[in-house]
Amino acid sequence: MQAESLAARGAGVIVLCCGRALGGDCESTYVGRYEVSGQSVRAQVEVRRFLAGGTAADHEPVAIQLEGTLRGALISGSARTIGRGRRPVAAAIRLTLAASP
């Protein structure tokens with residue numbers, strides 16, 4: 001699936017298979033789990049930055065909760081940071097099916 005934020009520039013790729021969510025973009029990796037119930041999709045992924053530069057805090061992993069609704073080849077929904085000590089950030093997201101097994 002192609003992942004993109006509707007609020008900020010940027011996009012990445014995420015593979016959903018057998019309950020696992022794996023992917024990344026030009027700066028970060030995404031690793032986590034997902035579940036589907038009817039048309040509802042929920043995932044929790046850890047985003048870990050690998051690009052050099054920035055402060056040490058920029059390289060701390062961030063947990064993100066994704067929730068969306070499946071309609072055809074599109075999942076529309078929202079993503080938000082979770083966990084203690086994190087400033088809450090939320091954004092609208094869109095995941096588009098690019099290929100299927």
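**Notes on the predicted model**

1. A search of the whole structure, which is a predicted model, finds zero disulfides. For Cys-18, the closest cysteine sulfur is that of Cys-17, and the two sulfur atoms are 3.6 Å apart, which is too far for a bond, because a disulfide calls for a pair of cysteine sulfur atoms within 2.5 Å. Anyone looking at the cysteines may also wish to know that Cys-26 counts as exposed, with a relative accessibility of 65%.

2. Cys-18 sits in the loop between strand S2, residues 11–17, and strand S3, residues 20–24, and with a relative accessible area of 71% the residue is exposed.

3. On the overall fold, the secondary structure comes to eight strands and zero helices, and the pattern read along the sequence is accordingly β-β-β-β-β-β-β-β. Of the 101 residues in the protein, 26% are buried. The protein exposes about 6,700 Å², of which carbon and sulfur atoms supply 56%. Among the contacts with a separation of 6 or more, 25% are between residues 24 or more positions apart.

4. The pairing around strand S6 can be followed strand by strand. Strand S5 (residues 40–49) and strand S6 (residues 62–71) run in the antiparallel sense and are joined over eight bridges, with Glu-46 standing opposite Ala-63 of S6. On the other pairing, S6 meets strand S7 (residues 74–82), again in the antiparallel sense, over nine bridges, and here Leu-70 has Ile-75 of S7 as its bridge partner. The hairpin of S6 and S7 has two residues between the strands, and in this hairpin Gly-72 takes a positive phi near 65°.

5. How many salt bridges does the model contain? The count comes to two. One of them joins Glu-67 to Arg-42, with the closest N and O atoms 3.3 Å apart; Glu-67 lies in strand S6 and Arg-42 in strand S5, so this pair ties together parts that are 25 residues apart in sequence. Both partners count as partly exposed, Glu-67 at 34% relative accessibility and Arg-42 at 40%.

6. A salt bridge is also formed by Glu-46 and Arg-48, whose closest N and O atoms are 3.1 Å apart. Glu-46 is partly exposed, having a relative accessible area of 34%, and Arg-48 likewise counts as partly exposed, with a relative accessibility of 39%.

7. Is Gln-65 buried or exposed? Gln-65, which has its place in strand S6, counts as buried because its relative accessibility is 10%, below the 20% cut-off used for that class. A polar atom of the Gln-65 side chain lies 3.3 Å from the backbone oxygen of Ala-43. Leaving aside residues up to four places away in sequence, Gln-65 touches Arg-42, Ala-43, Gln-44, Ser-78, Ala-79, Arg-80 and Ile-82. Arg-42 in this list is also the salt-bridge partner of Glu-67.

8. Tyr-30 is found in strand S4, residues 28–37, and at 13% relative accessibility Tyr-30 counts as buried. The side chains of Tyr-30 and Asp-25 are joined by a polar contact of 2.7 Å. When residues up to four places away in sequence are not counted, the residues that Tyr-30 touches include Gly-12, Val-13, Ile-14, Ala-21, Leu-22, Glu-46 and Val-47. Tyr-30 and Pro-61 are 31 residues apart in sequence, while their C-alpha atoms are 9.7 Å apart in space.

Definitions and conventions:
Residues are numbered from 1 along each chain as its sequence is written. This is a predicted model: local features need pLDDT of at least 70, side-chain atom pairs count only at pLDDT 80 or more; totals for chains, interfaces and linings use all residues. Side-chain values use heavy atoms; hydrogens and water are left out. Two strands pair if DSSP finds at least two bridges between them. Helices (H or I, at least four residues) and strands (E, at least two) are DSSP runs, numbered from the N terminus. A salt bridge is a side-chain nitrogen of Lys or Arg within 4 Å of a carboxyl oxygen of Asp or Glu. Buried means under 20% relative accessible area, exposed over 50%, partly exposed in between (1.4 Å probe, protein chains only). Contact means heavy atoms within 4.5 Å. A polar contact is a pair of N or O atoms within 3.5 Å; within protein, one must be able to donate a hydrogen and the other to accept it, and residues adjacent in sequence count only if both atoms are side-chain atoms. Accessible areas come from the Shrake-Rupley method with a 1.4 Å probe; for residues, only the protein chains shown count as cover.
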